[in-house]
Amino acid sequence: MNILIIEDEPALAESMIKYLSQDGYHCEWVSTLNEAFEKIHLYTYDCLLVDITLPGGSGMEVVQRLKKNKSESGIIIISAKNSVDDRIEGLEIGADDYISKPFDLSELNARIKSVLRRRNFSGQNEIVFKEIAILPAERSVSINGQPLSLTKKEYDLLLYFISNQNRVISKSSIAEHLWGDYMDMADSYDFIYAHLKNLRKKIIGLGGGDYIQTVYGVGYKFTQF
Amino acid sequence: MKLLSLTNRYYFFSIVIILSIGGVFAYYIIKNIVNHEFNEKLLADKEQFLYEWHTYEEIQEVFYLNVGDRISIKELPLDVMPEMKMSDTLMWDNYEKRILPFRQLRFSDQLNGKNYLISITKSLLPSEDLITGISEIILLLMVSIIVTLLIVNRQMSKRIWAPFYETIAKLKHFKISSSPEVRFEKNKIYEFEELNNEIKKMLDKNLADYHNLKEFTENASHEIQTPLAIIKSKSEILLQDGNLPEDDLEEVIKISDAANRLSKLNTDLILLSQMDNQQFEDLESIDIVDFIEDKLTYFEELIDLKNISLEKHYKHFPQLMMNSSLAFLLINNLLKNAIRHNVNGGYLSISVFENKMIYENSGLPSEVNPESLFQRFKKGNSSKDSSGLGLALIKKVCEIHQMKVSYDVHETNHKLEIQF
């Protein structure tokens, strides 16, 4: 999978490349609008991460150019402005998703995977992690072929973990993913624990393994090792 | 009071005063002229009389005098010869049948060795007639001048002042957040042109300042969020480093959490300043009960997990004209507050009436004056991580929509009331 990162802040781009490369993505990075035009002219990417405020213009122009060329690439807009207008404009001109700074890399990773799944119509649509199989289109999960009934939050949590497997995920990142604006971070940590406990119980109940590790004081890690 | 009525009032008073003074002067001047004329006439009569008196035997045959003039001739003792004297007297007038003013000339003369006192009397124009005449003229003048002034002023206000009223109308409709550049028509009146120019300069300056400020807030947000994104991403990379001891990972998480808080704070402050700049002016009709119900679904599980019993009393279903983003902010913050500061196994009661809604919830007794929590960065006792902006945001949203918000704490009962 090829990802083009259009971001003018080298330190941030570097973190993104580092995090995403571990998932086997091939990342390229440009920091100006002109370089971005050049790259999308020459190559095809599976997904583009576009910062809106760039030296030389708005990242929206890249999105427009891609849409004009009927590009199949997934596009995620990254903006420092958490403004409703920007979000609406970005999605209207054809971006697949919008994420505002500062974001969690685990959240970005999950969004990229979701966009790629939606873009990849022809391919295999099932996510498999050992005995756990998820069909995102139907929001259904099965373990060893047996259907697993999950609440919405439990499902979101499981998908988030599997998207970021083998990574340490902080509680705040989980809280932001599950509740967003509706909940303040610190309040929700107990609730995360309650959801996790239920999720773990349900998976083990159907004969699945216990993959959720607690990293004390930090967060959780979903791993088969 | 309108400028026109005020100027009219001044004009009116000055015309009355000037014409009254003018009337008094006219009276004395005319009277003076008349007296002077009578004196001349009396003296001429005297010459004529003396000439006839000395020339003819029988003066009645030829004596030539005006109608109404009277002449009396009295014999005087030999040694008395009074000086000539001109005077005003009142006498009975046979024609008018009333007492009228007369001018009298008295002089003495000698004829055939005898002394005579002769007086010639002329009927004067009565001063009350004079006053009446002058008053009539002055009154007529006053009325015609005032009427003319009123008409002229009305026309003036219609034509000359028109651009001025137009300028005022434009200023009335001007809103800094939504108006485009204001344009004034070219004006041939120097003062209005000057006024328009100055207003335009001021408005343009304000608009530019406003846009600069808006841009600055947005840029500031951008500039702050980007380094925060770097801090967060770098701490997340560190978390993935398997070689770090757990203690260090905890430190990293604290850095990341602090960055989160700063970012939230930044977002809230930008929101407050955007509200100060009136950047949320699109209103729509919102069924507030529907809105609350919708937002409650997002909090359901939190309510369950905290074991809060939820009571809803919807007595009315008011439609409120609100900005939808701000309505979201308001209801979300109200519910978040009521749940976050609640105790385990507590309660939350939401009541909606025709003109108010009330959120009552259990919590800890407050140590500070609850009203003071509406100030920015003022925190109650229980929340270590709260930004202190939640209630300030609630208050600001209420202010923008002309709602009244009050906060009361009785022991453990927290009551937030919003009147609309």
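Helices (H or I, at least four residues) and strands (E, at least two) are here DSSP runs, numbered from the N terminus. Just after one such helix, α7(B), B:N307 takes a positive phi of about 60°. The model is predicted, so that local features need pLDDT of at least 70 and side-chain atom pairs count only at pLDDT 80 or more, while totals for chains, interfaces and linings use all residues. Residues are numbered from 1 along each chain as its sequence is written, and chains are lettered from A and ligands numbered from 1 in the order in which they are written.

The helix α7(B) itself has 18 residues and reaches 26 Å from its first C-alpha to its last, close to the 26 Å expected at 1.5 Å a residue, the expected span being 1.5 Å times one less than the number of residues. A kink of about 55° is centred on B:Y298 in α7(B), where the bend is the angle between axes fitted to the seven residues ending at a residue and the seven starting there.

α7 (288-305) also belongs to the elements of chain B that give two or more residues to the side touching chain A, together with α5 (190-239), α6 (246-276) and α8 (324-340). Of these, α5(B) gives the most, with 14 residues. The contact (C-beta atoms, placed from the backbone, within 7 Å) takes 36 residues from chain B and 36 residues from chain A.

As for confidence, the model scores ipTM 0.89 and pTM 0.65, and chain B has a mean pLDDT (the predictor's confidence in each residue, from 0 to 100) of 83, with 93% of its residues reaching 70 or more.

Definitions and conventions. Contact = placed C-beta atoms within 7 Å.
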